[in-house]
Amino acid sequence: MTSRSTTIASLLASSPVVLAPMEDVSDAAFRRVCRGFGAELCVTEFIRAEQMIAGAQIARRKATLAEDDRPTAIQIYGADADLLMEAAEVAAAARPAFIDINCGCWLPRVARGGAGAGWLRDPAAMVAMARRVVDAVDVPVTVKTRIGWGPESEMPIVELAPRLEDAGVAGLTIHCRTAQAGHTGDADWRWAQRAQAVVSIPVVVNGDVGSAADVVRALAETGCAGVMIGRAAIQHPWIFREARALLDRRPPPPPPTDAERVAVYRALLAANVAARGEKHGVEVTRRHVPLLGPMLATALRSQIHLSRTCSQVEQVLDGSAQLLGHSRTGVQAK
Ligand SMILES: Cc1cc2nc3c(=O)[nH]c(=O)nc-3n(C[C@H](O)[C@H](O)[C@H](O)COP(=O)(O)O)c2cc1C
């Protein structure tokens with residue numbers, strides 16, 4: 001292990017459950033919520049290298065890390081090693097916990113041109129690119145990738161992981177699906193276990209971790225240094241406090257009340273409106289409707305989606321109190 005991988009290992013030792021980078025989701029507002037529930041280590045949404053270098057407004061928003069938003073890694077993506085090096089230099093100025101290179105995004109708009117999972121089609125180029133980015137900055141550099149492009153029978157990740165370690169990469173996150181699988185099929189954590197077994201840098205297992213019990217099982221089955229949670233955190237950001245309690249062998253925390261769910265939605269709304277203005281803030285907060293829970297989300301989704309202003313959303317949320325009162329009466333009456 002190098003001092004850079006030791007840094008990542010010690011971050012994961014104190015907080016092994018990481019909030020995944022998710023475009024349009026894992027922004028500063030959502031990181032604050034998840035960190036409040038115990039996701040001490042977070043990763044930004046991916047930032048396109050060209051936009052990072054140009055200082056585009058979207059890149060600046062994504063890469064701005066407040067002092068209480070640390071440790072957070074900045075994730076960059078691109079198809080060109082020179083541009084990724086330059087983008088990493090810009091990212092390093094924000095003093096992230098580390099810089100993560102996205103080599104796992106399967107979306108055609110990203111991978112077709114060679115960025116994201118596109119690097120998996122040429123592992124030698126990916127390793128050379130990673131080495132250059134590592135050499136360009138003095139913060140640790142990690143790679144988030146998939147087990148292979150697909151449909152290989154032996155996934156290249158097991159052979160690739162030691163080569164990335166040799167290149168100076170300080171840690172790996174492995175989404176245990178092929179690029180071709182997208183989000184279909186089941187994530188196979190055994191590939192993360194096999195990769196962790198052949199490297200001394202920390203590996204974070206990712207894919208289909210849906211509950212606190214899954215967190216414990218993923219760590220135990222793979223021997224990985226950490227677990228990354230994406231979609232389950234959108235549905236239920238409380239997963240981090242539930243996982244923390246289970247890992248610490250404490251009794252499970254009580255499930256969130258409906259009032260707590262509404263309070264979290266309000267907090268996200270306020271933060272997003274402050275960061276992006278009313279119109280955009282109201283819009284982007286809609287993606288967090290699932291955290292209201294099945295009952296409230298079903299009842300309020302269409303009204304929230306029709307709301308254009310903050311006060312309209314607040315009115316809908318105020319109405320939820322009445323709705324809950326009615327539903328509780330209904331339950332009691334049965
Ligand atoms: C809405 C959404 C946006 C995502 N954006 C990114 C991203 O910006 N960078 C990245 O590396 N992965 C991204 N991912 C992939 C997740 O980080 C994660 O690897 C994947 O969802 C599998 O984990 P999960 O089963 O816990 O969701 C995204 C996933 C979702 C659902």
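Trainee: Where is the place of Arg286?
Mentor: Arg286 sits in the loop between helix H14 (278-285) and helix H15 (293-306). Helices (H or I, at least four residues) and strands (E, at least two) are DSSP runs, numbered from the N terminus. Residues are numbered from 1 along each chain as its sequence is written. This is a predicted model, so local features need pLDDT of at least 70, side-chain atom pairs count only at pLDDT 80 or more, and totals for chains, interfaces and linings use all residues.

Trainee: Is Arg286 buried, exposed or partly exposed, and why?
Mentor: Arg286 is partly exposed, because 15 other C-beta atoms lie within 10 Å. A residue is buried if 20 or more other C-beta atoms lie within 10 Å of its own, exposed if 12 or fewer, and partly exposed in between, with C-beta atoms placed from the backbone.

Trainee: Which residues is Arg286 in contact with, leaving aside neighbours within four places in sequence?
Mentor: Ile304 and His305. Two residues are in contact if their C-beta atoms, placed from the backbone, lie within 7 Å.

Trainee: New topic. What does the domain assignment give?
Mentor: Domain 1 (3-247) and domain 2 (258-333). The bounds come from an automatic or database domain assignment. Taken over C-alpha atoms, the centres of the two domains are 30 Å apart. Their contact takes eleven residues from domain 1 and ten residues from domain 2.

Trainee: Which element supplies the largest share of the side of domain 1 that touches domain 2?
Mentor: H2, with five residues. By class, that side of domain 1 has seven nonpolar, two polar and two charged residues. Ala, Val, Leu, Ile, Met, Phe, Trp, Tyr, Cys and Pro count as nonpolar, Asp, Glu, Lys and Arg as charged, and the others, Gly among them, as polar.

Trainee: How do H2 and H13 cross?
Mentor: The axes of H2 (residues 28-36) and H13 (residues 258-276) come within 9 Å and cross at roughly 145°. Axes are lines fitted to C-alpha atoms, for helices over the stretch in contact, and angles run from 0 to 180 degrees between N-to-C directions.

Trainee: Which residues make that contact?
Mentor: From H2 they are Ala28, Ala29, Phe30, Arg32 and Val33, and from H13 they are Val264, Ala267, Leu268, Ala271, Asn272 and Ala275. By class, the contact has nine nonpolar, one polar and one charged residues.

Trainee: And the ligand, which residues come nearest?
Mentor: Ala20, Met22, Phe46, Gly230 and Arg231, of the 21 residues around the ligand. A residue is near a molecule or strand if its C-beta atom, placed from the backbone, lies within 6 Å of it. Strand E2 (41-48) and helix H11 (231-235) are the elements that give two or more residues to this shell. The shell divides into nine nonpolar, seven polar and five charged residues.

Trainee: What about H12, which residues are buried there?
Mentor: In H12 (residues 239-247), Ile239, Phe240, Glu242, Ala243 and Arg244 are buried. Just after H12, Arg249 takes a positive phi of about 55°.

Trainee: Is Arg249 buried or exposed?
Mentor: Arg249 counts as exposed, because it has 7 C-beta neighbours inside 10 Å.

Trainee: Last one. Which residues does a cis peptide bond join?
Mentor: One joins Arg70 and Pro71, with omega about 0°. The bond from Gly150 to Pro151 is cis too, with omega near 0°.
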